[in-house]
Protein chains: 2
Amino acid sequence: MEIYDLIVVGAGPGGYVAAERAGELGKKVLLIEKEHMGGVCTNSGCIPTKSLLNAAKHFVHAEEGAKYGVVCSGVKFDLTTAMAWKQDTIETLRKGIQYLMKKSGVTVVSGTAEFLDTSHISVGDTVYEGKNILIATGSSTVVPPIKGVDSPIVTTSREILEIESMPEKLAVIGGGVIGVEFASFFSSAGAEVTVIEMMPEIVPLMETEFSKLLRREMKKVTFKLGCRVYEITDTGVNYTDAKGVNQTVEADTVLISVGRKPNVDGLEKLKTTQGFGLDYSKYGIAVNEKMQTNLPNVYAVGDVTGKSLLAHSASRMGEVAVANMFGKGALMRYDAIPWVVYSLPEASGCGMTEEEAKKAGYQVVSASMQMRANGRFLAEFGKKAGGLCKVIADAGSGRILGIHLLGGAGSEMIFGAAAFIEAELRVQDIREIIFPHPTISEIIKDVCIAIELPNQGETDA
Amino acid sequence: MEIYDLIVVGAGPGGYVAAERAGELGKKVLLIEKEHMGGVCTNSGCIPTKSLLNAAKHFVHAEEGAKYGVVCSGVKFDLTTAMAWKQDTIETLRKGIQYLMKKSGVTVVSGTAEFLDTSHISVGDTVYEGKNILIATGSSTVVPPIKGVDSPIVTTSREILEIESMPEKLAVIGGGVIGVEFASFFSSAGAEVTVIEMMPEIVPLMETEFSKLLRREMKKVTFKLGCRVYEITDTGVNYTDAKGVNQTVEADTVLISVGRKPNVDGLEKLKTTQGFGLDYSKYGIAVNEKMQTNLPNVYAVGDVTGKSLLAHSASRMGEVAVANMFGKGALMRYDAIPWVVYSLPEASGCGMTEEEAKKAGYQVVSASMQMRANGRFLAEFGKKAGGLCKVIADAGSGRILGIHLLGGAGSEMIFGAAAFIEAELRVQDIREIIFPHPTISEIIKDVCIAIELPNQGETDA
């Protein structure tokens, strides 16, 4: 029987990054994947949606380009070509991950892993032994038990990425990150889109003023807030609105995007030779800051832990797990994880909202600024475009607690906020960093300058 | 006579930022500008070029969008509309600066400043007294004494921003940042463009491999390197090529972009009451790290110092000058100034090139990576697009010395590199920062992971 230093179950961004890092350390690593390399992220999540959203952005630019001097006619969105580009991107990235695994000396096995005990896993008839096991089995779409949820017009985020013709009327149930991104794509590409959200506001991880502005900027989407869906028919969605009145939205396609659940099926079989089982529930596998489970040499990372369901969180967890198995050790930190909503316009953030910071007991100072105060934003989006930047800091020390962006290339700027928070930089430090002009990134510095720190006075020019 | 705490001469990004900061400190500030608020940057530099380049980018997207599924026909670039958008941007920003001055309590005077002594300046018939003087008079285009330089087809970067019809054939003399940006704009918008550069490579501040790749990616531009222009006629440019052979490029428009010179006219009158003069030459005003000149209470910032001719350098110098006049003090640092070439694709960098780091005596480690290894780059630009990221670090400590980017939204990412360098972060620190996925920014972390630090071994997972 083959004995590996590490067996990784699941080749998503948690699993494959962990396998790669361990392989680079010279360890003997086995990676088991039942479907495609890259997991949900590469195949039916981050990558295909960003590929389609980029096409939609260019479509909107072509439609609206006349104001800049870009004149064209007969602008049309060709879903088939967009889907083909998306598919090509996915396949190139799958191959890229395969190449990385090969380069790092990782053995890849295709099939479904069955847990035998804390050091044995079978795939089909073959049993593998691992000194360490890493569970990175990810998550799946929650399909709530709504009446009519088996209607032929119902899709999940996975299926809607394979549709062959553009919906005319799309109803999105759930206004979280995934729902909003799909709403942005389909509305930009020409569909009539309604988002139905149970909570009083979309994307709850955002500052409320940002959620509001995002709704306003997604002009073509109708948002129904505080509404509860009670039935899906073959022609639409029936819901009770915020006032308790029953309403109907017509739709030829319904997207369910109310959340994701950890993939914990089969974990009941994972027991030590003494018969101790894994500590997990339907909310995920319990892990500590080293990504260790309650069982010796068994680690878990990514969505299956139920903590921070983001691809980059999973990858970092994978790095932390490997560092604790073989290296110098590391602890997973959750205070500097950036997030992005890749809608048009993009929203992004890192760290706490003002409300969260106050709840955490900080004496908070903050400032925010309209993006149109920024030269490049103005040059590229014009004086009527909405956009916002907010910075939250600890009043005493000036330490940055959160940075939030709406508009521009926020997705590509927000790693800087993660660095500021991770390096514990203060508002005063950011003021002394030279930001390139003209860039939208300058707004972060400008907001830091606008923050009034107590006792700042004349000495702090 | 009015007595001011500070008189600033020149309302570009050095002058107006200094005026604003001093005003915010409650100081009585006078700002003198002979032309428009915002200086060259707002009126005939950064802002108008970025405005036009954004239009050109959208034009290229419309032309090439079919591969993503964006179908349109009759794509045409309408220069008049692009110029009107640009002009509107400029005027909005001018008003924005006027508003900032008002808000900070800065008095603005329109006219040409005449230096009387180190505390007196006249504008027309009015004499103003200042306890401190800040010279921020900027720079102007160098027009070299080439035969035929007075040909009607010759323009500078200022004049070409006012042309009313698209050139058919544009010859650009000088392949520095300004020349390359204009070449990118006009070639993208449909003109036939040739860049003639005396040096063996364009944009000397870049890593050579980046310059090469940038030329390759600017597919529509013809670059003539190592060539010396000896004559401009009414129909083109005559030059001697790298082999010493005389050649001709036909052109209906010629752009001169061989450099800029500090605006030092009139400074000979600036003397102390004892008759001591200002230390300056045609290369600029001599300043120390506090932005002080040799004369008491006389400071200089921005292009007129001849150091780092960038808008954001000028602004930071302005902040430093004000901090030394009134505040806690500050020293100007030149090691973490980011730069951007806003061509299509964009190039940007911060810190040293590998060659510069070696010359400075560092034991250097570095790595670079093709951008197409990055998921979002691939999703947005495709697998044939060129792009590059390089990180240079000190081998002993791992401290980041330079980061260089070509492709994607590099302009909006490079402030992060400035922060890394300013905060003296190490390659090891960057590896622990969580970058959002999928973003092009991740390439920076990936390159940091690829760097082999000496004695890293197994302990550094």
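Colleague: Which residue in β15(B) is the bridge partner of B:Y239?

Modeller: Happy to start there: the partner is B:Q247. Please keep in mind that this is a predicted model, in which local features need pLDDT of at least 70 and side-chain atom pairs count only at pLDDT 80 or more, while totals for chains, interfaces and linings use all residues. Residues are numbered from 1 along each chain as its sequence is written, and chains are lettered from A and ligands numbered from 1 in the order in which they are written.

Colleague: Why are β13 and β15 of chain B said to stand at the edges?

Modeller: The open sheet runs β13-β14-β15 in chain B, with antiparallel pairing. Each of β13 (228-232) and β15 (246-250) has a single partner strand, so one side of each lacks a neighbour in the sheet. Neighbouring strands here are turned by 30° against each other on average, direction ignored.

Colleague: And what makes β9 and β12 of chain A edge strands?

Modeller: Five strands of chain A form an open sheet with parallel pairing, in the order β9-β16-β10-β11-β12. Both β9 (154-155) and β12 (221-224) pair on one side only. Further in, β10 (residues 169-173) and β11 (residues 192-196) of chain A share five bridges in the parallel sense, and A:K169 stands opposite A:E192 in β11(A).

Colleague: What joins β3(A) to β3 of chain B?

Modeller: Five bridges do, between strands that run antiparallel; in chain B the strand covers residues 70-77. There A:V70 has B:F77 as its bridge partner in β3(B).

Colleague: How many residues does each chain bring to the contact?

Modeller: Chain A gives 83 and chain B gives 84, where two residues are in contact if their C-beta atoms, placed from the backbone, lie within 7 Å.

Colleague: Why do you say the copies meet through the same surface?

Modeller: Because 100% of the interface residues of chain A are also interface residues in chain B.

How values were computed
Two strands pair if DSSP finds at least two bridges between them. Helices (H or I, at least four residues) and strands (E, at least two) are DSSP runs, numbered from the N terminus. Axes are lines fitted to C-alpha atoms, for helices over the stretch in contact, and angles run from 0 to 180 degrees between N-to-C directions.
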